[in-house]
Amino acid sequence: MTTGRCLCGAVRYELTGTPIGMYHCHCSQCRHANGASFATNVIASAEDLKIVAGKDVLAAYESSPSKQRFFCSRCGSPIYSHAQATAAIVSVRAGTLDDDPGFRPNAHIHAASRAPWTEICDGLPQNAEGF
Amino acid sequence: MTATCLCGGVRIEIAGKLGPVVYCHCTRCQKANGSAFAANADVRAKYWTMAQGAELVREYESSTGVFRAFCGTCGSPLYSRRAATPDVFRVRLGILDADPERRALAHFWVGDKARWFDIADALPQFALGTDEHAQEIMDMTTAAMAKKSS
């Protein structure tokens, strides 16, 4: 089992099972949502993510119709996203993981949208758009 | 140049050049951004205008005197500021709406780097932060400027 939390520690989660994937997303939405060069997301079964503390401070923003991005309303840490169209999975923001989860990113997606200051130098597969 | 949060509620106007772009791998930046590392640059207060959404901005004091600002509506990390240096805002590059025409100088706090992330580029790597390596940043910036003008 892997655990994670936000910066202030109010929101804590447990992630069980084997994730479906882990990838770097360079889309403009992820960059703005994370304030970062790109987001790194762990794709897991929705039932494998359990919020164990801080449900009351977890805020949601609907970034696309029926897709919500959850963040800690106290410190702002992005935690995960969930879309009705893919209700069985969640996308957990890897920077909130506490320890080495034992799995690694395996692709870049939306590579064509990458930030102008970002060069992709690793050997991972790159998708110009999403999956 | 403008910087906006994901929902567009907060808009910042930056009227001058950014300072050196640095990649920060400290655990606080990882948590605050939910990402492998943060991409940050200092902006002088005289170039900085909170053009829209000041009432939406929330701040979290992550260490004494260090405030990390985010949008209360969508959660986008926006910038950090220090009480001790009120003339500087450290913007999160992911919220920029255009190419800042600055490229990263180096990686900092690589000793705290996420274990699941490998640095694949050839930029210099420093164990500690920008305060501890201020002289190296100065030297790299000077060297980059000299290269540009030659």
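How many salt bridges does the rule find across the interface of chain A and chain B? The rule, which asks for a side-chain nitrogen of Lys or Arg within 4 Å of a carboxyl oxygen of Asp or Glu, finds 1. The side chains of A:Asp98 and B:Lys31 meet in a salt bridge, with 2.7 Å from N to O.

This is a predicted model, in which local features need pLDDT of at least 70 and side-chain atom pairs count only at pLDDT 80 or more, while totals for chains, interfaces and linings use all residues. Residues are numbered from 1 along each chain as its sequence is written, chains are lettered from A in the order in which they are written, and side-chain values use heavy atoms, without hydrogens and water.

Contact (heavy atoms within 4.5 Å) joins 43 residues of chain A to 42 residues of chain B. The buried area (accessible area, 1.4 Å probe, that two parts lose on being put together, summed over both) is about 3,300 Å², and carbon and sulfur atoms give 62% of this. In chain A, the most area is lost to chain B by A:Leu7, A:His32 and A:Trp117, together 25% of what that side buries.

Chain A also has an open sheet of 3 strands in the order 1-2-5, with antiparallel pairing. Strands here are DSSP E runs of at least two residues, numbered from the N terminus, and two of them pair if DSSP finds at least two bridges between them. Strand 1 (2–5) and strand 5 (49–53) of chain A each have a single partner strand, so one side of each lacks a neighbour in the sheet. Strand 1 and strand 2 (residues 12–15) of chain A pair over 4 bridges.
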